[in-house]
Amino acid sequence: MKIYFYSNQYLNNPDAKDAMLCFKKAGADVLNNLSPNVDGGVAGGSLDRVDAFVFQGDKLDTKASYLIALVLAQNKEVLCLLPKGAKLDTSLKDLEADSKLAKKIHIELYSKDDLKEKILSFLKIIDNGSIRNLFNIKYTLRISGKIADYLNWKANKENIKKADWIRDQIQCIVQDDKEYQEFLNNKFNG
Amino acid sequence: MPKNNKKIFLFLAGGTCIFTEAGHIFSVKSQDDIEDWLAQMPELNILADIEPVFISGEDDLIGPNIWQTIAKEIIKRSEEADGFVIVSKIDQLINTSLALTFALQNLKKTIITTTSRISGSNFIDKKEVISNLKNKYGGLSLRSNLINAIQVAQQPLPAPAIMFGTRLIAATRAIFDPLGDVNVFSSISDCWGKVDFGINVKSNLKYNQQKAKIYSDKLADILVFDDIPGVPWSFDRRALTAYRGIFIKVDSYQKLGKNKQEQIIKWKMPIVLYNYHLTSTSKGAISVSNCTFNTALIKTMWALSNEFNKKDFENIMTQNIIEEFLN
């Protein structure tokens, strides 16, 4: 799972460090705009390839507004982490009130004590989100001639695309794997 | 809405297909659809003060009449606007952008064009394409394209440009690449900007300082065809009178046959021979190369509009008017 973490408080921001550490500990791959020499991302990276966007700070800036809009347009989840006491931006209020976007934008006022809890709740949401079910990861797989023969035969017999058939099989295995299901249930329990 | 939002006019002329929350495709077919269409994308409002302008519906033909209307509407609103975003059909997006580039030279307002991956409101024939796009990209890309376009429209650019996928491309450099993955437009030179974790627009881009030149006439009707060496051209001369000129895409290494060269002389009308790499000369025709096909085509239509004397045609076609030639 890939998260893009954006904060407009570049200096003296221990909350951002804590939040990123929390995401990383939960197994998320965190890209961010605060680390030196990455200029807001990583070489060849793109917002298209992240699963969710996290904003942390007191107030939105132009770039944060743009990134939030873009991520919402891609039907991905957004977490806005504002320190308790921060005044909610009117544009955020508008988005939170919108019936379509309210499900995608999660605005949380945090304190040091509940930051981890809010992050883990958000991770659970994105792990079950529709975007995680999109077939958008390319996977190159080498197979033997015999396996290829079988795939061709099966695809032909069932009138289904080979990739669709493989995906269906894997999904069945995932559903039936009790150990894995248990792992998923406890994944973000800290 | 954030304070000091910039005013962006959003022109709608086809290319407006989006997925609704319920998974249906919705497009703007008439003025009445705009409100519902915009309501599908509330996130646009945190970027700018957006005012939609209906130009044509999803099923209307895009061509010189529409380009002329868009140019006129831009001029009408240019004092009030901080920038313009034009949504139009994917198959004509380069030509639309170029028509505006030639019509509105040195305008001190940024014009960005963008589109959805599909166009037209009849989806039965596109069912499989739409299903593939949904699986691969989760949508038709218009929402992201619009957000990027609205963001870029607030920055100074020297001429109209296309925003699609992760690329911002000058209209004069754009080529259609339907097999491209995220990007269906490529650039024959460096892109003006790229999207990764934000939009990185080239730092040296700014408005042209020369006085704005506005050309409001409709682009001329011209006959366009590809030459195939060895296959004769058979045209009734009377049929050619419907056109102001002829644009022929030629082979880069073979000269036109003798008969064809004689035909060109006999036709006595403005004729352009185009090839990206080089073109052989033929008496009575102007050879154009070193620019994109679309640029040469739209420039020919523009140079033959009522704005200019026919005698100036050769002069205009060989001049680098909007930096359309590569070197």
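Two residues are taken to be in contact if their C-beta atoms, placed from the backbone, lie within 7 Å. By this criterion, and leaving aside residues up to four places away in sequence, A:Phe53 touches A:Tyr4, A:Tyr6, A:Leu67, A:Ile68, A:Val71, A:Lys76 and A:Val78. The model is predicted, and local features need pLDDT of at least 70, side-chain atom pairs count only at pLDDT 80 or more, and totals for chains, interfaces and linings use all residues. Residues are numbered from 1 along each chain as its sequence is written, while chains are lettered from A and ligands numbered from 1 in the order in which they are written.

A:Phe53 is also, together with B:Val85 and B:Ala161, one of the residues that touch the most other members of the largest nonpolar core, which holds 128 residues. Such a core is a set of buried Ala, Val, Leu, Ile, Met, Phe, Trp, Tyr and Cys residues joined through C-beta atoms within 7 Å; a residue is buried if 20 or more other C-beta atoms, placed from the backbone, lie within 10 Å of its own. The largest share of the core, nine residues, is supplied by helix H2 (residues 62–73) of chain A, where helices are DSSP runs of H or I with at least four residues and strands are runs of E with at least two, numbered from the N terminus.

Chain B contains nine helices and 18 strands. Its radius of gyration, taken over C-alpha atoms, is 21 Å, close to the 20 Å given for 327 residues by the globule rule (2.2 Å times the number of residues to the power 0.38), so chain B is as compact as a globular protein of that length. Of these 327 residues, 43% are buried.

Chain B is divided into domain 1 (7–213) and domain 2 (220–318), with bounds that come from an automatic or database domain assignment. The C-alpha centres of the two domains of chain B lie 30 Å apart, and their contact takes eleven residues from domain 1 and eight residues from domain 2. On the domain 1 side, helix H3 (93–103) and strand E10 (174–176) of chain B each give two or more residues, and H3(B) gives the most, with five residues.

Between the chains, 24 residues of chain B are in contact with 31 residues of chain A. Helix H4 (127–137) and helix H5 (142–152) of chain B each supply at least two residues of the chain B side, to which H5(B) gives the most, with four residues.

Definitions and conventions: Buried ≥ 20, exposed ≤ 12 C-beta atoms within 10 Å, placed from the backbone.
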